[in-house]
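Reader: I would like to learn how to read the features of a model. Please take me through one.
Author: Gladly; here it is.

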Amino acid sequence: MNIFVEFCLVSCKVLWTFVLAGTRWLVRPKEKNVMGQVCVITGAGSGLGRHFAKEFARRGATVILWDINWESNEETAEMVRQIYSDITNRNPEGSVDGEEGDVSQIQPKVYTYLCDVSKREEVYLTADKVQREVGNIDILINNAGVVSGRHLLECPDELLERTMMVNCHAHFWTTKAFVPKMLELNHGHIVTVASSLGLFTTAGVEDYCASKFGAIGFHESLSHELKAAEKDGIKMTLVCPFLVDTDMFKGCKIRKEIAPLFPPLKPEQCVQQAMRAILTDQPMICTPRIMYMVSFMKTVLPFDAIVCMYQFLGADKCMYPFLAHRKEAMNNNESKLPSTQQLPLEKT
């Protein structure tokens, strides 16, 4: 009898979650205030990481930028400093547009750190340095990512390993470095920037898909662990965008008649939607929304049916032009490099 009553209660709770989810579609939740909070962003030197830094800066957060490229990381930092300056000049009282509080009293800053997140000890040392120089962090954005851009059988093992280390394993190291203090305070927010290719796959990018599937699995398991520990003050958001209009997958194409329906996402648009999800504590966001449907269809359709749909859409070989473009670029550049040098992986 007890288990029957409990089952009824659980059923009611499940139905209530559907009601709450539906309400979010009708009534936009209020965004939380991150003014004065400290945000670490990996892969901040370019792409989505740079846009995340700018968005958090506009909201008065202190941003800590991690990247393997010092020059590009400093370029992002200069953009952030300009945003802080614009806020001060536009609002002499110091308030940030749309936020409550006084940014002049909080005095947000930007910090830059050179860090290769594929190297565990380097992550731990950099995190320790951040905690000593800046203090506790409130928001962790695991954004850094790379792709080898080679067919599996043509890709050197070290590049396959690096893709896994940057896109997946680094999340373990940053989490172990920063989450203990979040657990102690029962406060924080962890954001995993994954990909739609972590929900479904295509040919030619086995390493990238595997790394993003791993990142999503890690994120979901950590979410359950925080719930089991009753640490409701620590929020988590999973970001799964479709192909973003950066150089990372340049040349990727689907069937030309279908392409207008699935245009690459503008980085600014992608990050703005992700920010809305983060600031309203939304557990997951897929952009565009049709990616939810694609992911659902993958779970219910037979594999052969998925193959037929891929072939119709041109998604089965959509990465081949990108791989060919990368191979040509590598061949052209390697002929100009000394034999001891190697082309870097494409990064976000």
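Reader: Is lysine 256 buried or exposed?
Author: Start with the cut-offs: buried means under 20% relative accessible area, exposed over 50%, and partly exposed in between, with a 1.4 Å probe and protein chains only. Lysine 256 has a relative accessible area of 70%, so lysine 256 is exposed. Lysine 256 sits in the loop between strand S7 (234-241) and H8. Between lysine 256 and phenylalanine 218 there are 36 Å in space, C-alpha to C-alpha, and 38 residues in sequence.

Reader: What kind of model is this, and how is it numbered?
Author: This is a predicted model, where local features need pLDDT of at least 70, side-chain atom pairs count only at pLDDT 80 or more, and totals for chains, interfaces and linings use all residues. Residues are numbered from 1 along each chain as its sequence is written, and side-chain values use heavy atoms, with hydrogens and water left out.

Reader: How many helices and strands does the chain have?
Author: Both are DSSP runs, numbered from the N terminus: helices are H or I with at least four residues, strands are E with at least two. The chain has eleven helices and nine strands. Its radius of gyration is 21 Å, close to the 20 Å of the globule rule for 348 residues, so the chain is as compact as a globular protein of that length. That radius is taken over C-alpha atoms, and the rule is 2.2 Å times the number of residues to the power 0.38. Along the principal axes, the C-alpha atoms fill a box of roughly 65 × 55 × 40 Å.

Reader: What share of the residues counts as buried?
Author: Of the 348 residues, 46% count as buried. The accessible surface comes to about 18500 Å², and 58% of that belongs to carbon and sulfur atoms. The areas come from the Shrake-Rupley method with a 1.4 Å probe; for residues, only the protein chains shown count as cover.

Reader: What do the contacts in the chain join?
Author: Contact means heavy atoms within 4.5 Å. Take the contacts between residues at least 6 apart in sequence: 73% of them join residues at least 24 apart.

Reader: Which residues does asparagine 73 contact?
Author: Set aside the neighbours within four places in sequence. Asparagine 73 is then in contact with Ala44, Gly45, Leu65, Trp66, Asp67, Thr112 and Tyr113. Asparagine 73 belongs to helix H3 (residues 70-90). Its relative accessible area is 1%, so asparagine 73 is buried.

Reader: What about glycine 314; which residues does it touch?
Author: Not counting residues up to four places away in sequence, glycine 314 touches Lys253, Ile254 and Arg255. The glycine lies in the loop between helix H10 (303-313) and helix H11 (320-334). At 17% relative accessible area, glycine 314 is buried. Glycine 314 and methionine 248 are 20 Å apart in space, C-alpha to C-alpha, and 66 residues apart in sequence.

Reader: Where is the cis peptide bond?
Author: Threonine 287 and proline 288 are joined by a cis peptide bond, with omega about -10°. Proline 288 is in the loop between strand S8 (284-287) and helix H9 (290-300).

Reader: What is phi of asparagine 186?
Author: Phi is near 50° there, a positive value in a residue other than glycine. Asparagine 186 lies in the loop between helix H6 (157-185) and strand S6 (188-193). Its relative accessibility of 31% makes asparagine 186 partly exposed. Aspartate 281 is not a glycine either, yet has a positive phi of about 55°. The loop between helix H8 (267-279) and S8 holds aspartate 281. At 29% relative accessibility, aspartate 281 counts as partly exposed.

Reader: How many disulfides does the count give?
Author: A disulfide is a covalent bond between the sulfur atoms of two cysteines. The rule asks for a pair of cysteine sulfur atoms within 2.5 Å. The count comes to zero. Cysteine 252 is in no disulfide, and the nearest cysteine sulfur, that of cysteine 318, is 4.1 Å away. Cysteine 286 is in none either; the nearest cysteine sulfur, that of cysteine 240, is 4.8 Å away. Cysteine 286 is buried, at 2% relative accessible area.
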